[in-house]
Every structure is written in structure tokens, then in C-alpha cells.
Amino acid sequence: MKKIAIIDVGTNSTRLVLLSINDNGGYKVIDEIKESVRLGQDMGEECMIKPRRIAQLIMALQMFRRLCDNNGVDEVIAIATSAVRRARNQRSFLDQVYAETGFELKVLSGEQVGHYVYVGVSNTVDIDNAVIVEIGGGSMEIMHM
């Protein structure tokens, strides 16, 4: 059995899901937590993530780190979406997050977000023809299924 943590750093909220993956591929959610960090708030025309928002995120991620360590997590998948994708201070932001939490965030494109949403929905519902609309805090993706 393997334990995985998935972290989603979004424009408004940051989420952690802890999973145990069985040898047969089945999974069980061990824990979930969501923190309202609002990274995208106050970015302004300069498209900069503000120091106050970065500090709030780092506090949340440090708590996530403790949960991962306490639960013996084997692998962490950490992604960031719209606000980080748009941020002009993206590189320094990512460097600071890594230095203070050990989490290496992968910034997803809108297309990648759409792909993962499509995969999740198409493997969850029994519908052949649909339109999927994913509305995030700072972006929206539309997919045809």
C-alpha cells in the first residue's frame, strides 16, 4: 500500500487530499483539508502575488507538510493553477514555497487543467456526450466529452 498526497494551490483556496493506494489500484481517502488563502486577491494590474498572501500559503503548506510527515506519505503531487500561472513573480514565489515547505509546485496550463478535469469526469459519470465546464477562482475551462 502506498500513501499519496495531492496538493492543489488554486486562486482562492489550497487543498490537500491524502490517499492510500491499494496494490489493486483502489484507493481510500485518508484525510482532506482546505484553506482559503486567496492568492489571486490583490494581485492588481502588476499581476504580483502579494507577500501577505504568500505568507498565508506557506503557513497552510507547512501544516500540510506536518500532516504528510505524520501520515507517512510516500509521494506528494503538488500543483498550482491560474493565479500562479499569471503571476509575474512566479519564479521567486515557487522558489520561496520550495525553500520554506519542501513542496515543488508544478504550474499547470489551462489546457492541462482541462485535461485532468476531463479525465476525472469521464471516469466518474456514465455519459457519452456532454460539455464539462470547470470554473476555478481565476479561470474557466470548457471541454466536450
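Residues are numbered from 1 along each chain as its sequence is written, and side-chain values use heavy atoms, with hydrogens and water left out. Since the model is predicted, local features need pLDDT of at least 70 and side-chain atom pairs count only at pLDDT 80 or more, while totals for chains, interfaces and linings use all residues.

**The sheet**

Helices (H or I, at least four residues) and strands (E, at least two) are DSSP runs numbered from the N terminus, and two strands are said to pair if DSSP finds at least two bridges between them. On that basis 5 strands form an open sheet in the order β3-β2-β1-β4-β5, with mixed pairing. Strands β3 and β5 (106-107) stand at the edges with a single partner strand each, so one side of each is left without a neighbour in the sheet. Two of the pairings are set out below.

| Strand pair | Direction | Bridges | Residues standing opposite |
|---|---|---|---|
| β1 and β2 | antiparallel | 8 bridges | I7 and L16 |
| β2 and β3 | antiparallel | 9 bridges | L19 and V29 |

Strands β2 and β3 form a hairpin with 5 residues between them, and in its turn G25 has a positive phi of about 95 degrees.

**Two buried strand residues**

A residue is called buried under 20% relative accessible area, exposed over 50% and partly exposed in between, using a 1.4 Å probe and protein chains only. V9, which lies in strand β1, is buried with a relative accessible area of 0%. Contact means heavy atoms within 4.5 Å, and, not counting residues up to four places away in sequence, V9 touches T14, L39, L57, I79, A80, T81 and L105. The C-alpha atoms of V9 and K106 are separated by 9.7 Å, although these residues are 97 apart along the chain. S20, found in strand β2, is also buried, with a relative accessible area of 6%. Leaving out residues up to four places away in sequence, S20 touches M1, K2, K3, G26, Y27, K28 and I30.

Helix α1 (residues 51-70) has 20 residues and reaches 28 Å from its first C-alpha to its last, close to the 28 Å expected at 1.5 Å a residue, where the expected span is 1.5 Å times one less than the number of residues. Its buried residues are R53, I54, L57, I58, A60, L61, F64 and C68, and what covers them includes β1 (2-9), β2 (13-21), β3 (27-36), β4 (75-80) and α3 (90-101). The helix is followed by G72, whose phi is positive, near 60 degrees.

A nonpolar core is a set of buried Ala, Val, Leu, Ile, Met, Phe, Trp, Tyr and Cys residues joined through side-chain atoms within 4.5 Å. The largest such core has 26 residues, of which I7, L39, I49, L57, F93 and L105 touch the most other members. At least two residues of this core come from each of β1, β2, α1, β4, α2 (82-86) and α3, with α1 giving the most, 7 residues. Leaving aside its neighbours within four places in sequence, I7 is in contact with T14, R15, L16, L61, F64, V76, I77, A78, I79 and F103.

**A charge over a ring**

The charged end of R65 sits over the ring of F103, 4.0 Å from its centre; the rule asks for NZ of Lys or CZ of Arg within 6 Å of the ring centre and within 35 degrees of the ring normal.
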